Amino acid sequence: MTDLDIRVLTDDQYRAAHTLFRGTLHHGPANDERWASVVSSYEPGRAWGAFAGDELVGTVMSFPSAIAVPGGAVLPMAAVSRVGVRADWTRRGALTALQRAQLRSFLESGQVVSTLRATEGVIYGRYGYGVATRFRHVRVRRAGAKSRLPVAGRVRLLEREAAVPVVQAVYERVAPRRPGTAARWQGWWQVNVVQPPEDENLKFAVASGPDGDDGFLVYKVTPGSHEAGNERPAVLTVLDLWTATPRAWADLWAFTLGVDLVDEIDAVGRPVDEPLDWLLVDRRAARVVSEVDETWLRVVDVEAALSARAYRSGDPVVIGVRDRVLPENEGAYRITAEGAVRTGEEPDFVVDVEVLGAAYLGDVTFRSLALAGRFTPTSREAVDRADALFAVDEAPWCGTYF
Ligand SMILES: CC(C)(COP(=O)(O)OP(=O)(O)OC[C@H]1O[C@@H](n2cnc3c(N)ncnc32)[C@H](O)[C@@H]1OP(=O)(O)O)[C@@H](O)C(=O)NCCC(=O)NCCS
């Protein structure tokens with residue numbers, strides 16, 4: 001590996017790091033107005049730089065968050081973002097050095113897991129990140145798309161200022177009910193909702209029923225054109241939709257289907273088990289455009305993570321864990337319906353920490369992972385025991401982009 005110095009960034013280095021990161025995605029620097037909004041999302045001790053001498057050539061950072069896990073516990077989670085190495089320094093170990101430093105700092109500061117979104121599927125497995133949730137992009141052809149359910153509550157549009165506190169309160173109440181969801185930090189709200197980039201003409205709809213506000217939708221509409229030779233559909237994009245009750249869910253979808261001068265509805269980043277097709281009179285009005293990896297999850301503290309989540313009933317299993325980056329995690333863990341503890345017993349099978357991260361929230365079974373050669377099971381029966389314990393009711397989903 002090239003001789004690089006890995007250091008925590010000081011606040012006078014955040015803007016250069018942000019510019020460097022944006023450059024690795026082929027974007028220009030944030031202007032002063034945007035930077036004024038973004039700067040608050042950098043927090044002391046959470047951004048790292050790889051330096052060649054005095055020159056910053058790579059960066060990673062993380063936001064302070066928490067993740068809901070099966071059974072309802074909410075664990076300290078580092079939300080990793082803004083990862084980039086300057087094009088003239090790639091493939092010389094900069095990211096590897098940054099990842100190692102960052103993961104160790106997570107362990108030392110009590111983070112139980114870290115998560116991220118990956119630009120490419122080949123980058124993060126080597127550092128122990130596994131795909132723990134997936135999301136869907138669904139497109140609805142609006143002509144003739146109709147909900148089977150009558151509107152039962154009320155949906156009202158609010159201006160941004162009035163909407164933000166309502167949306168935040170509903171999110172904080174509703175989101176932790178589903179495993180995989182993330183606590184949204186102040187900077188997230190600031191950059192995405194309070195002061196998003198100028199072209200985001202966001203609209204806010206709130207659903208309420210007998211118990212008050214119990215759902216919200218954030219959306220935008222990109223107008224279409226009927227000009228000859230330049231036709232394009234008007235698209236309503238569902239950016240953020242969370243509901244506390246089945247009624248609020250059906251009402252907000254009915255509202256969405258009813259907005260005039262819209263040809264298509266694009267619901268991006270939705271849970272894989274959202275039954276939108278079943279809601280529609282003509283299920284073929286909705287189609288899944290893609291279903292891809294969402295959360296890459298790294299179990300930072302294996303014992304804390306395994307003991308915090310709930311398990312279904314079933315016979316115990318002992319899982320061995322290999323972790324080359326954080327060897328403290330290596331060992332065997334006995335998992336029962338009552339919980340998980342570290343043990344000196346011989347494991348039933350051994351997995352890399354990446355495989356554990358993928359299976360942790362219950363999105364993929366150990367059986368599938370074994371079939372795909374991601375670990376070598378000693379017996380099918382032991383894998384079935386693990387799957388019975390790790391099974392979940394709802395597909396895990398994050399729904400927060402960072
Ligand atoms: C992804 C990125 C940060 C990797 O940085 P890097 O310093 O080149 O990574 P490293 O040199 O530490 O690579 C470690 C290993 O991962 C591999 N790797 C890293 N990025 C890869 C990529 N994009 N495609 C294929 N392999 C990759 C390297 O080949 C190397 O493999 P090896 O250990 O077998 O030699 C860098 O390519 C980048 O900035 N890309 C553009 C921005 C981006 O996608 N950021 C990620 C946001 S989630």
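Biologist: Which residue forms a salt bridge with Arg-247, with the closest N and O atoms 3.3 Å apart?
Modeller: In this predicted model, that partner is Asp-251. Both residues lie in helix α6, 4 residues apart, about one turn of the helix.

Biologist: Is Asp-251 buried or exposed?
Modeller: Asp-251 has a relative accessible area of 1%. Buried means under 20%, so Asp-251 is buried.

Biologist: What else forms a salt bridge with Arg-247?
Modeller: Asp-214 does, and the closest N and O atoms are 3.4 Å apart. Arg-247 is in helix α6 and Asp-214 is in strand β10, so this pair ties together parts 33 residues apart in sequence. Asp-214 is also buried, at 6% relative accessibility.

Biologist: How many salt bridges does the structure hold?
Modeller: It holds 30. One of them joins the side chains of Arg-184 and Asp-240, at 2.9 Å from N to O. Arg-184 sits in the loop between α4 and α5, and Asp-240 in strand β11, 56 residues apart.

Biologist: Which residues are linked in a network of salt bridges?
Modeller: Arg-134, Arg-136, Glu-291 and Asp-363.

Biologist: New topic. What is the order of the strands in the open sheet?
Modeller: The 7 strands run β1-β2-β3-β4-β5-β14-β6, with mixed pairing. β1 and β6 stand at the edges with a single partner strand each, so one side of each has no neighbour in the sheet.

Biologist: Where does Ala-79 lie?
Modeller: In strand β4. Ala-79 is buried, with a relative accessible area of 0%. Its contacts include Met-61, Trp-185 and Phe-402.

Biologist: What stands opposite Met-61?
Modeller: Ala-47 does, with Met-61 in β3.

Key. Residues are numbered from 1 along each chain as its sequence is written. This is a predicted model: local features need pLDDT of at least 70, side-chain atom pairs count only at pLDDT 80 or more; totals for chains, interfaces and linings use all residues. Side-chain values use heavy atoms; hydrogens and water are left out. Two strands pair if DSSP finds at least two bridges between them. Helices (H or I, at least four residues) and strands (E, at least two) are DSSP runs, numbered from the N terminus. Buried means under 20% relative accessible area, exposed over 50%, partly exposed in between (1.4 Å probe, protein chains only). Contact means heavy atoms within 4.5 Å. A salt bridge is a side-chain nitrogen of Lys or Arg within 4 Å of a carboxyl oxygen of Asp or Glu. Lists of a residue's contacts leave out its neighbours within four places in sequence.
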